[in-house]
Amino acid sequence: MTDEPMSAATSDDLAWRGTAQSNALGVVNLDDLSGMRAPFRADLVDDPDQGGLANGVITTLLDQACGMAVGAAARAALGEPIEPRRFGGMATLDLRIDFIRPAKPGRDVIGTAECYRIAGGVAFVRGVAFEDDPADPIAATQAAFMLSDQMAGLG
Amino acid sequence: VSADPAERLAAFLAARPYARFLGMQASLEGRRVAAQLPFSEHLVGNPLIPALHGGVVGAFLELAALAELAAHGHAARTIDVTIDYIRPARAVATHAHAQVIRRGRRVANVQVTGWQESPGQPVATLRGHFLLQAPLR
């Protein structure tokens, strides 16, 4: 196992600040930092006839929302102020996504995530993507993140 | 829809705006789809390494699975995917091969390997279930 970050939402600073890819998608953080929003764009759909945002957009949205949630949970565990700051990084180990239904045509998609446990330097996260109501999800995710050395003592 | 797998594959990609946004390409190697994602700055998730966004890697592997099914005449909708991230996907081209583990009447189980330097050193793998739609004609 390398300590090198393996995936993109590698440090909460990046997840929170935005990445080249999330900027290219037009993704913006929610005001309460519980997640982020992907605005609808016609060039980001899988199927022009159905018209909702592509699965891939939702995958990126959830990966990054999960990364931001891990950062928030790690800060809480460290007793740091909630304000996002730089960490040594984190690496997505795996990401499972259930695509429950297609995204609705013409609609923005919100991704929120909760890091429900940090144990042994590993952060466990779940998240959901939806237009209006998290109880009517487009997709649900479950992910594990390896924390960097700086945070490895957590949990 | 064409009976020729290469034409079906081309039609699959041409019909997907998001695949064009990524810059994904694909060709047939024998009967198998060889998917490619040339590097581009807008795909980056971590500028420090630099590395592709994990979401981009997952999205590319999912599209490779769907492309493999489409080339063989099966339109499908993704039910679920599990992506394992094995090493950083760096600022070079990424490749993917999909293997259909089982294709039933309604569901296909597909496994995808994504790599950069060599197929034996994957950057990520994906396995997923795909709901088969009415056959392409």
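Predicted model: local features only at pLDDT ≥ 70, side-chain atom pairs only at ≥ 80, totals over all residues.

Trainee: Okay, then which residues is G114(B) in contact with, leaving aside its neighbours within four places in sequence?

Mentor: Start with where to look: G114(B) is in strand β7 of chain B, residues 107-115. Skip the neighbours within four places in sequence, and the contacts of G114(B) are L61(B), H95(B), A96(B), P122(B), V123(B) and A124(B).

Trainee: Is G114(B) buried or exposed?

Mentor: The cut-off for buried is under 20% relative accessible area. G114(B) has 0% relative accessibility, so G114(B) counts as buried.

Trainee: And how far apart in space are G114(B) and L131(B), C-alpha to C-alpha?

Mentor: In sequence they're 17 residues apart. In space, C-alpha to C-alpha, the separation of G114(B) and L131(B) is 22 Å.

Trainee: Let's hop to chain A. How far apart in space are F40(A) and R107(A), C-alpha to C-alpha?

Mentor: F40(A) lies in the loop between β2 (35-38) and α3 of chain A. Beyond four places in sequence, its contacts include G106(A), R107(A) and D108(A). F40(A) and R107(A) are 67 residues apart in sequence, yet their C-alpha distance is 5.4 Å.

Trainee: What's the relative accessible area of F40(A)?

Mentor: Buried stops at 20% and exposed begins over 50%, with partly exposed in between. F40(A) falls in the partly exposed class, because its relative accessible area is 26%.

Trainee: How are α3(A) and α3(B) oriented to each other?

Mentor: The two helices pack with their axes 8 Å apart, at an angle of about 150 degrees. Angles over 145 degrees count as roughly antiparallel. So α3(A) and α3(B) are, relative to each other, roughly antiparallel.

Trainee: Which residues of α3(B) make that contact?

Mentor: On the α3(A) side you'll find N55(A), G56(A), T59(A), T60(A) and D63(A). By class, the contact has 2 nonpolar, 6 polar and 2 charged residues. From α3(B) come G54(B), G55(B), V56(B), A59(B) and E62(B).

Notes:
Residues numbered from 1 in each chain as written. Chains lettered and ligands numbered in written order. Heavy atoms only, no water. Axes fitted to C-alpha atoms, helices over the stretch in contact; angles between N-to-C directions. Helix = DSSP H or I, 4+ residues; strand = E, 2+ residues; numbered from the N terminus. Parallel < 35°, antiparallel > 145°, perpendicular 65-115°, else oblique. Contact = heavy atoms within 4.5 Å. Nonpolar A, V, L, I, M, F, W, Y, C, P; charged D, E, K, R; others polar. Buried < 20%, exposed > 50% of the residue type's maximum accessible area, 1.4 Å probe, protein only.
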